[in-house]
Each structure stands twice: as structure tokens, then as C-alpha cells.
Amino acid sequence: MGPPGRTGRCRLPRNRPLPPLTGFFVHPAVPPYTIVYFPVQGRCEAMRMLLADQGQSWKEEVVAMQSWLQGPLKASCLYGQLPKFQDGDLTLYQSNAILRHLGRTLGLYGKDQQEAALVDMVNDGVEDLRCKYVSLIYTNYEAGKEDYVKALPQHLKPFETLLSQNKGGQAFIVGDQISFADYNLLDLLRIHQVENTRCPSTGDWLSTFSAHTMALAGAPWILLL
Ligand SMILES: N[C@@H](CCC(=O)N[C@@H](CS)C(=O)NCC(=O)O)C(=O)O
């Protein structure tokens, strides 16, 4: 996404009603959401893609590492970590809980209970691979990258399987409508694509997912890929 510290794009909301008119006044467009996070994409990029694509506006509060290390903000966070997310007077921590909340409130959680369960299953799988990736990048990059790359096709297989079972890979990860898990999966593929350019010998496994990417195409953020 763009530079940190900015307010997210504001397009007409697709899933939320427009604010009511009061007399001659329109309610000011105060972003209902705030993301508090470090100046990186990290665990917030999927929610940013989701919000932008859904035409929602949001505010970013960027926390510099120096200020984080002073301690009070960390101490005030429920799990001692960021992101912190605000939706009006609701404060949330845990990036996947935030994605699920947005999934519920913006209608991005499948069309019924069965699809919602599948969306959860995909998202948990994305989280598993994200944790492996984070552990590689932050703790074991040089020694671990070869094994990681070897194992990657196997780790991506479940997503390929689901996509191939859904309209031959031409659709979303679950059913006929986009879900929060699509954005999270897309972000996971995106970070691996960055890795792929650093380490081209990994081959073109990402092309397997191009249909999924195309299914999401048309959204402005697709240019990020
Ligand atoms: N399970 C949490 C993990 C959050 C997390 O690992 N946050 C890191 C940044 S990505 C953090 O706050 N690190 C600073 C610290 O632990 O002091 C989530 O998904 O939100």
C-alpha cells in the first residue's frame, strides 16, 4: 500500500449505507476505523487491502519503533503487541480477529454457515504458512531458505486444491463471493512473490495462483502484485 500515516482511500461504501442526511448537513466523513501499527505492511496489509477494496476509509496511527520501545503503548496493548484496531468504540487486537470482524460486518464471510466454516479453514491455513514465513525471515533466513523453498509447493497445495475445486480456479477461494480469507491469501502470495524475486530459483509456482489473482483483478490494489 502507499506510505504509512495516511488515511485510506475513500470511495462510496459498497456494503455500508451512506450516512443519513440531517437537514442540509451531511455527517462528516470521519473514518470509522483506525489501524495502529508499525510503519510496515506486515500483519496489516490484508486488512488494508480489504478495506480499500470494500470502499471503506480508515485512519492509520503509525508507531515508530523508538516510541514502542519506551514501553507504555506496549503495556497498554492487551497482548503487548500490535496491530491494534478500532471500530468506533470497539478495540481489537489479533490480526485474524480483526479480519474476521471485518468479514462479519462487511459481508465477507461466505453466504452461509457452511461457507463461513470453509473461510475459517482457509484463513487458519494462511496463518500457519504466514507463521512459517515470519519465522524464516526473522530467525533463520540464510540457513533455512533452501528447505523453505523446497517445502513451499506442498504448503501451497491446500489452497491450489480448493481453488481448482471451485470453478477450475477461476473463482474465489470459497463460493461465489469474496471473503476476508481471499485478501489474506492474496497477501500471503504477495509476500512470497517478493521472496521469489529475491530468490528466482524458486520457479514460477506463483503462476498457479494467477487465476485466483485474476478473479480478484479489477480492484485497484491488484496493481501491487
Ligand atoms: N498474533 C498477533 C501477532 C502480532 C505480532 O506479532 N505483532 C508484532 C508485530 S507484527 C509486534 O507487536 N511486535 C512487537 C513486540 O512484540 O513487542 C496478531 O496476529 O496480531
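Me: In which helix is His101 found?
Reply: Helices here are DSSP runs of H or I with at least four residues, and strands are runs of E with at least two, both numbered from the N terminus. The model is a predicted one, in which local features need pLDDT of at least 70, side-chain atom pairs count only at pLDDT 80 or more, and totals for chains, interfaces and linings use all residues. Residues are numbered from 1 along each chain as its sequence is written, and side-chain values use heavy atoms, with hydrogens and water left out. His101 is found in helix α4.

Me: Is His101 buried or exposed?
Reply: Buried means under 20% relative accessible area and exposed means over 50%, with partly exposed in between (1.4 Å probe, protein chains only). His101 has a relative accessibility of 12%, so His101 counts as buried.

Me: Which residues is His101 in contact with, leaving aside its neighbours within four places in sequence?
Reply: A contact requires heavy atoms within 4.5 Å. With the neighbours within four places in sequence set aside, the contacts of His101 are Phe85, Asp87, Leu90 and Leu92.

Me: Why is helix α4 described as largely enclosed by the rest of the structure?
Reply: Helix α4 covers residues 95-105. Its buried residues include Ser95, Asn96, Ile98 and Leu99, and His101 is also among them.

Me: Where does the ligand sit?
Reply: On a 1 Å grid over the protein atoms alone, a pocket is an open set of points where a 1.4 Å probe fits, with protein on both sides within 12 Å along at least five of seven lines. A molecule sits in one if more than half of its atoms lie within 2 Å of its grid points. By that test the ligand sits in the largest pocket.

Me: Which side chain has a polar atom 2.6 Å from a nitrogen atom of the ligand?
Reply: A polar contact is a pair of N or O atoms within 3.5 Å. Arg43 has a side-chain N or O atom 3.1 Å from a ligand oxygen, and Lys74 has a polar side-chain atom 2.7 Å from an oxygen atom of the ligand. The side chain at 2.6 Å from a ligand nitrogen is that of Gln94.

How values were computed
A polar contact is a pair of N or O atoms within 3.5 Å; within protein, one must be able to donate a hydrogen and the other to accept it, and residues adjacent in sequence count only if both atoms are side-chain atoms. On a 1 Å grid over the protein atoms alone, a cavity is a set of points where a 1.4 Å probe fits but cannot get out, and a pocket is an open set with protein on both sides within 12 Å along at least five of seven lines; lining residues have an atom within 4 Å of a point.
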